[in-house]
Amino acid sequence: MISPRKKLARAVTVAAVAAATFTVTVPTGTSFAINKVYDYNCKVDDGFLKVWIRKGNIGWIDCFANAGKTSEYGWLDRIVTGNNDVTYYDQNGATVYVPRWTDLSFPNRPADIKAIEIH
């Protein structure tokens, strides 16, 4: 006959092995963390989302990778989506979807955006 202590030890060991096996073999799913690419000369051919934004007289270019949402805001002069399906959110409440490999410029009436999302 097996003592109650040995039964408990066996049950704990089996549970620990099962948990470890489950942790190693089951995929974690998709991560949603948009990342700013700090190479300001990022190439559109690399598939990055590239945006030209300005606030007042100061303008800059940002590049992003991976799915997620950023609270980038200002006047959007140009957007090149690269290999990304993108939605930008306008300060006026408009939601604009831009498909991958699209290059949009707003020379006279830039969009006043409050966020950009990569799908």
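Trainee: What is the bridge partner of Ile 79 in β8?

Mentor: Ile 79 is partnered there with Leu 104. Helices (H or I, at least four residues) and strands (E, at least two) are DSSP runs numbered from the N terminus, and two strands count as paired if DSSP finds at least two bridges between them. Please keep in mind that this is a predicted model, in which local features need pLDDT of at least 70 and side-chain atom pairs count only at pLDDT 80 or more, while totals for chains, interfaces and linings use all residues. Residues are numbered from 1 along each chain as its sequence is written, and side-chain values use heavy atoms, with hydrogens and water left out.

Trainee: Okay, and how many bridges join β5 to β8?

Mentor: There are three, between β5 and strand β8 (residues 103-105), and the two run antiparallel. β5 (residues 74-80) is also joined to strand β2 (residues 49-55) by five antiparallel bridges, with Val 51 partnered by Ile 79. Three further bridges link β5 to strand β9 (residues 111-118), again antiparallel, and there Trp 75 stands opposite Asp 112.

Trainee: What about β2 and β3, how do they pair?

Mentor: They pair in the antiparallel sense over seven bridges, with Arg 54 opposite Gly 59. The two strands form a hairpin with two residues between them, and Gly 56 in that turn has a positive phi of about 65°. β3 (residues 58-65) is also joined by three antiparallel bridges to strand β1 (residues 35-37), where Val 37 has Cys 63 as its partner.

Trainee: Changing topic: which residues touch the most other members of the largest nonpolar core?

Mentor: In that core of 15 residues, they are Leu 49, Val 51, Leu 76, Ile 79, Tyr 88, Ile 113 and Ile 116. Two or more residues each come from β2, β5, β6 (86-90) and β9, and β9 gives the largest share, four residues. A nonpolar core here is a set of buried Ala, Val, Leu, Ile, Met, Phe, Trp, Tyr and Cys residues joined through side-chain atoms within 4.5 Å; buried means under 20% relative accessible area, exposed over 50%, and partly exposed in between (1.4 Å probe, protein chains only).

Trainee: And what is Ile 113 in contact with?

Mentor: Leaving aside neighbours within four places in sequence, Ile 113 has contacts (heavy atoms within 4.5 Å) that include Ile 53, Leu 76, Tyr 88 and Tyr 89.

Trainee: Is Pro 107 buried or exposed?

Mentor: Pro 107 counts as exposed because its relative accessible area is 70%. It lies in the loop between β8 and β9, and although Pro 107 and Arg 78 are 29 residues apart in sequence, they are 8.1 Å apart in space, C-alpha to C-alpha.
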